[in-house]
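Reader: I have just started learning about protein structures. Could you walk me through this one with some questions and answers?

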Amino acid sequence: MRGAVAAAVGAATLVGAAAGAASAEPAPRHAGWDGSKYWYKDATGWWRWTSHYEKYQRYAGGSGGGSGAAVGSQGSSAAPARGHNPNPTFRGRSGWDATDRVYWYRQNGSWWWTSHRDRYEARTGMSGGTGGAQPRTQQRSGSSHSGPTRFGTEAAVQWAMAQLGKPYAWGGNGPSAFDCSGLVQQAYQRAGISLPRVADAQYRASTPLTRDQLRRGDLVFWSSNGSASGVHHVAVYLGGGQYLEAPRPGRSVRISSFDVYRPTLYGRVG
């Protein structure tokens, strides 16, 4: 999943340095972001560039805002919103921007945009309706019925999503590194839900479910013997057969799917 994100999403970290001359590079087709830098014309009519949004604003009078706002994605898995602005302006909030016809969302401490509704929904778990971001209804895996997102656990899900990319550490409780159950415990504390520290105890503290009862915000577990005594891993269910986990040493907090590593037990808390 992280590889797919890296391939589909471009971003610029907005810190530091000065604007550069563009004399050694071909002139751009228009001012603004070209996928790697910001282009503008100086007072003499020469094309120049900078990789820093704040400097682009100062030199070119570029509009927009949001400290550290990163430019976003042009996903290819579905048709984009018609007539979207290829150089959208960040207006300080997530969700649908009707002016530039793109979706903004925050991930890993940066702001991203996409013109693709399905990509926005996959990243945030929110509806891409053009009336603004609303918690979306999740399709229960393996069932024709739907269950609503539960507001009590959405805070846990969103907090866990903000930890994507942080390293695994045995016994890690954050804020810089986590193990699987440490991440889960810390996430659900943000939703006002107290859980034990280790995975098998977290399963015992939950209400057992079948797979077709799963909803976003539930927990998924892996057991070596199919019971609580064999539970050795836990993750946060995101919906659509995907879950967020702190997997193992040498790996970072990530989103994975049942197609890669299928849980054996399921539970609901809160």
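**Contacts, core and strands**

Author: Let's start with the overall picture: of the contacts in the protein with a separation of 6 or more, 52% are between residues 24 or more positions apart; contact means heavy atoms within 4.5 Å. This is a predicted model, where local features need pLDDT of at least 70 and side-chain atom pairs count only at pLDDT 80 or more, while totals for chains, interfaces and linings use all residues. Residues are numbered from 1 along each chain as its sequence is written, and side-chain values use heavy atoms, with hydrogens and water left out.

Reader: Thanks! How many helices and strands does the protein have?

Author: Both come from DSSP runs numbered from the N terminus: helices are H or I with at least four residues, and strands are E with at least two. Counted that way, the protein has 15 strands and six helices.

Reader: What share of the residues in the protein is buried?

Author: Buried means under 20% relative accessible area, exposed means over 50%, and partly exposed is in between, using a 1.4 Å probe and protein chains only. The protein has 270 residues, and the buried part is 47%.

Reader: Is helix α5 largely enclosed or open?

Author: Look at the residues of α5: Cys180, Leu183 and Tyr188 are among the buried ones. Nine of the ten residues in α5 are buried, so the helix is largely enclosed by the rest of the structure.

Reader: Which residues have the most contacts inside the largest nonpolar core?

Author: A nonpolar core is a set of buried Ala, Val, Leu, Ile, Met, Phe, Trp, Tyr and Cys residues joined through side-chain atoms within 4.5 Å. The largest one has 30 residues, and those with the most contacts inside it are Tyr188, Leu219 and Leu244.

Reader: Where does Gln163 lie, and is Gln163 buried or exposed?

Author: Gln163 is in the loop between α4 (151-161) and α5 (180-189). Leaving aside neighbours within four places in sequence, Gln163 is in contact with Pro175, Phe178, Leu183 and Val253. With a relative accessible area of 5%, Gln163 is buried.

Reader: Which residue of β14 is the bridge partner of Tyr243?

Author: Two strands pair if DSSP finds at least two bridges between them. Strand β12 (residues 231-239) runs antiparallel to β13, joined by three bridges, and here Tyr237 has Tyr243 as its bridge partner. Four bridges join β13 to strand β14 (residues 254-257), also antiparallel. In β14, the bridge partner of Tyr243 is Ser256.

Reader: Why is the pair of Trp222 and Tyr243 edge-to-face?

Author: Rings of Phe, Tyr and Trp (its six-membered ring) pair if their centres lie within 6.5 Å; planes under 30 degrees apart count as stacked, over 60 as edge-to-face and the rest as tilted. For Trp222 and Tyr243, the centres are 5.1 Å apart, and the pair is edge-to-face because the planes are at 65°.
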